[in-house]
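Open the model in your viewer and keep the sequence panel beside it. The stops below say what to select and what is there.

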Amino acid sequence: MSHSTCRRFDHIVILSGAGLSAESGVATFRDPEGIWQQYDPMDLATPEGFARNPSLVYEFYNARRKQLDDVAPNAAHRALARLCREYQGRVFLVTQNVDDLLEQAGCSEVCHMHGELRVALCTHCGERSIAATAFDGDSHCVHCGEVGGLRPDIVWFGETPYHMAAIERELSTADLFVAIGTSGTVYPAAGFVQEARWCGAHTLEINLESSERADVFDEHRLGPATEQVKQWVEEMLAGQ
Ligand code: APR
C-alpha cells in the first residue's frame, strides 16, 4: 500500500491527459505516433492557424470528433467513475482531454479545461451548441443564426483555459492531487502539482513513463493507465 492509499483523503483533485484515453484508441499528442508528430499545432491549435486556414482546422476537428463514435471508455475511465461514485463529492475531475469518455464511463461532473470536441462555439454570439455533425464555415449558429462564425470549442495555444478559478479553488483545498496520463509539458495544467503541494496535498503521478514534472510528485505509479489506475482505485476503495 503506498502513501496515497493508506490514509483517508477528503478532497482529491485528479488531472487527466491524453494518456488516460490512449488505450481507448484516442491518439496522444507527444508520443512517437502522437498528433503533434504528424501535424503542426501552430496550424491546427492556434487562433492564427484558424484565421489562416479555417477549412483545414474544421477538417481536423471534424475527423477527431467523428473518431469519438468509434472509441469507448477503457478500464481506467471506468475505475475513475467508480471512485467518484464511492467517494461522493470528495473527487474533482479536471481533464485536458476533449473527448467525452469519462462521461461515457459514468462520471457526472468533468471539468474540461481545454474544451470539448462535441461542442461548437459561435464567435458571433459566444453561445455553445452540440456539434452533432461536421460543421464548416457555411454552418449557421442555432442560437443567433449567423453563418460562418462557428469554431471548435477547443482551447488553443495562447488562449486561456476554461474554469481556471474553480480549478485553483479545488487545488487550494486538495489533500491529494493525482495526475494521470499527461506529459506535464503544457501550462497551466503542468503547474497544478506544484500548487497542490504548496497547499499541503500529497501528490501522485500515474503515467506510462515519468513525465516532465515527475520530480515534483511525492509518489509515482508507472505503467498503462488501464492497469495502474484500476489498481490504485481498488486500493483506495479498500482503504476508503
Ligand atoms: N497509460 C498511461 N499513460 C500513457 C499511456 C497509457 N496507456 N499512453 C501514453 N501515456 C502518457 C505518455 O507517456 C505521456 O506522458 O500520456 C502522456 C501524454 O502526453 P501528451 O501527448 O503530451 O498529452 P497531454 O499531456 O494530455 O497534452 C496536454 O497539450 O496539445 C495540448 O491541448 C493539448 O490537452 C493537450 C495538452
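Helices (H or I, at least four residues) and strands (E, at least two) are DSSP runs, numbered from the N terminus. This is a predicted model, in which local features need pLDDT of at least 70, side-chain atom pairs count only at pLDDT 80 or more, and totals for chains, interfaces and linings use all residues. Residues are numbered from 1 along each chain as its sequence is written, and side-chain values use heavy atoms, with hydrogens and water left out.

**Whole chain**

Start with everything shown as a cartoon. The protein contains 10 helices and nine strands. Its C-alpha trace spans about 55 × 35 × 35 Å along the principal axes. The radius of gyration is 18 Å, which agrees with the value near 18 Å for a compact globule of 240 residues; it is taken over C-alpha atoms, and the globule rule is 2.2 Å times the number of residues to the power 0.38.

Of the 240 residues, 54% are buried (under 20% relative accessible area; exposed is over 50%, partly exposed in between; 1.4 Å probe, protein chains only).

Select residues 12-16, which form strand 1. How many of the five residues of strand 1 are buried? Five of the five are, so the strand is largely enclosed by the rest of the structure. On one side I12, I14 and S16 are buried, and on the other V13 and L15 are buried.

Two strands pair if DSSP finds at least two bridges between them. Within this pairing, V13 stands opposite F92.

Move to the loop between strand 7 and helix 9, where T182 lies. Is T182 buried or exposed? With a relative accessible area of 13%, T182 is buried. Contact means heavy atoms within 4.5 Å. Leaving aside neighbours within four places in sequence, T182 is in contact with L15, G17, Q96, N207 and S211. The C-alpha atoms of T182 and L20 are 8.0 Å apart, although 162 residues separate the two along the chain.

P188 is also in the loop between strand 7 and helix 9 (192-198). Zoom in on the bond between Y187 and P188: this peptide bond is cis, with omega about 5 degrees.

**Two partly exposed residues**

Next select H163, in the loop between strand 6 (150-154) and helix 8 (164-172). H163 is not a glycine, yet its phi is positive, at about 60 degrees. It counts as partly exposed at 46% relative accessibility.

End at L222, in strand 9 (residues 219-222). L222 is partly exposed, with 42% relative accessibility. Which residues does L222 touch, not counting those up to four places away in sequence? They are N207, L208, E209, S210 and Q228. The C-alpha atom of L222 is 5.8 Å from that of I206, a residue 16 positions away along the chain.
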